[in-house]
Amino acid sequence: MRFALALPPFIGMLVLIPWANRTDPFILGLPFLLFWVVLWVVLTAVCMTIIFFLDPANKPGAVEEGVTP
Amino acid sequence: MNAALPILILFFAGSIGLGVWSKRGKEMNLEQWSVGGRGFGSIIVFLLLAGEIYTTFTFLGASGYPYSNGGAAFYILCYGALAYVFSYWLAPAIWRYGSKEKLVSQPDWFSRKYSSRNLSLIVTLIGVVAMIPYLQLQLTGLGIIIEETSYGAIPRSLSIILGGAAMATYVVISGIHSAAWNAVIKDILVLVVVVFIGIYLPLHYFGGIGAMFAEVHAQDPTFLQLHEPVHDSGWFITSILLSALGFFMCGRTTSWRSTRASTPRRSGGTRCSCRSTSWCCCSCSSSA
């Protein structure tokens, strides 16, 4: 599940680039390709935030193995 | 003599002073020098990393590239984001082992983890080879910036020698602490300049960012997207992939992970987890 959430950024910024490679339409004043890329940088942060909260390693009180405090 | 010279000299002396000052009150040993005694907090680590990523490339490469190649330059936005997706799983594991075994460098890490001196040697060699073009880029950038800002009063080669000497001085004395503190100053300056120029220039010349893109589009309809012959989609995709993987290449970004300090959890939460640093190559980037 967590690994699956790491996939969308790669799909957005690599696989879909041939499709996103266009100037029109302009969105928020940005040419479409730039808008697309910026959108995916933001969405990558969103994906990683969700992963972070789903990750049992980040639950309060979780103890990671092998570390001396 | 012009007005830029005193400012340049001030910053030159300031960076050495700050670098030397950052050592204050610390008993220097290899662990303190290379990984800050594993005791850096998350904010300083954040700044160190930002210092490694935002360098003279931000000013020269990342502005010159879109000027000559248009839309192809958007790849710069992508590879960092993707590299950090890898980091999320890779970094804590590297840090955990590095912290447990008290390792201070990337070759150190490989030699311990895989019990192989040869592997560690290969890693070192690759790291050094990967660092040379990187250093050359930084120092050339430094030279161009100093030459331009001093109105030609300080020639390029002299500024590279002086910059390199200043950096070597404070890194030898204070190690990673000097790199971290200089990164703080540099990051603030870079951010202020980039945000100012990025907002002011389009407003001043075109009346807005959207208007600027519209004007460029009117002049050359394909300029703002990937275009033949060199910069097609395949070039874009492979460049991003290569840069994202290369992110871990020369130890400058990998090293910090092996060296984070005490707190085990990956998270923020109430305790900050991210303790780290990197080696002197990172200090190059933060000073250049």
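How much area is buried between chain A and chain B, and what percentage of it do carbon and sulfur atoms give? The area buried between the two chains is about 3,100 Å², of which carbon and sulfur atoms give 72%; buried area here is the accessible area (1.4 Å probe) that two parts lose on being put together, summed over both. The size of an interface is often given in this way, as the accessible area lost when the parts come together.

This is a predicted model, in which local features need pLDDT of at least 70 and side-chain atom pairs count only at pLDDT 80 or more, while totals for chains, interfaces and linings use all residues. Residues are numbered from 1 along each chain as its sequence is written, chains are lettered from A and ligands numbered from 1 in the order in which they are written, and side-chain values use heavy atoms, with hydrogens and water left out.

**The interface**

Across the interface, 37 residues of chain A are in contact with 32 residues of chain B, contact meaning heavy atoms within 4.5 Å. The count of salt bridges between chain A and chain B is zero, a salt bridge being a side-chain nitrogen of Lys or Arg within 4 Å of a carboxyl oxygen of Asp or Glu. Four residue pairs, both partners at pLDDT 80 or more, are in polar contact between the chains; a polar contact is a pair of N or O atoms within 3.5 Å, where within protein one must be able to donate a hydrogen and the other to accept it, and residues adjacent in sequence count only if both atoms are side-chain atoms.

On the side of chain A that touches chain B, the elements giving two or more residues are helix H1 (2-5), helix H2 (7-15), helix H3 (17-20) and helix H4 (32-54) of chain A, where helices (H or I, at least four residues) and strands (E, at least two) are DSSP runs numbered from the N terminus. The largest share of this side, nine residues, comes from H4(A). Its residues divide into 23 nonpolar, seven polar and seven charged, with Ala, Val, Leu, Ile, Met, Phe, Trp, Tyr, Cys and Pro counted as nonpolar, Asp, Glu, Lys and Arg as charged, and the others, Gly among them, as polar.

Thr23(A) lies in the loop between H3 and H4 of chain A, and its side chain reaches the backbone oxygen of Pro221(B) at 3.5 Å. Leaving aside neighbours within four places in sequence, Thr23(A) is in contact with Pro31(A) and Phe32(A) in chain A and with His217(B), Pro221(B), Leu224(B) and Gln225(B) in chain B. Thr23(A) counts as buried because its relative accessible area is 2%, the classes being buried under 20%, exposed over 50% and partly exposed in between (1.4 Å probe, protein chains only).

**The fold of chain B**

Chain B contains 14 helices and zero strands, and of its 288 residues 47% count as buried. Among the contacts in chain B with a separation of 6 or more, 75% are between residues 24 or more positions apart.

H1(B) has 18 residues and reaches 25 Å from its first C-alpha to its last, close to the 26 Å expected at 1.5 Å a residue; the expected span is 1.5 Å times one less than the number of residues. Its buried residues are Ala4(B), Leu5(B), Leu8(B), Ser15(B), Leu18(B) and Gly19(B), and what covers them includes helix H8 (117-149), helix H9 (156-174) and helix H10 (176-206) of chain B. An α-helix has 3.6 residues a turn, so residues three or four places apart point the same way.

Ser22(B) lies in the loop between helix H1 (4-21) and helix H2 (30-35) of chain B and is buried, with a relative accessible area of 0%. Not counting residues up to four places away in sequence, Ser22(B) touches Ser174(B), His177(B), Ser178(B) and Trp181(B). The C-alpha atoms of Ser22(B) and Asn182(B), 160 residues apart in sequence, are 9.2 Å apart in space.

**Salt bridges**

A search of the whole structure finds two salt bridges over all chains.

| Salt bridge | Closest N to O | Relative accessible area |
| Lys186(B) and Asp187(B) | 3.4 Å | Lys186(B) 11%; Asp187(B) 11% |
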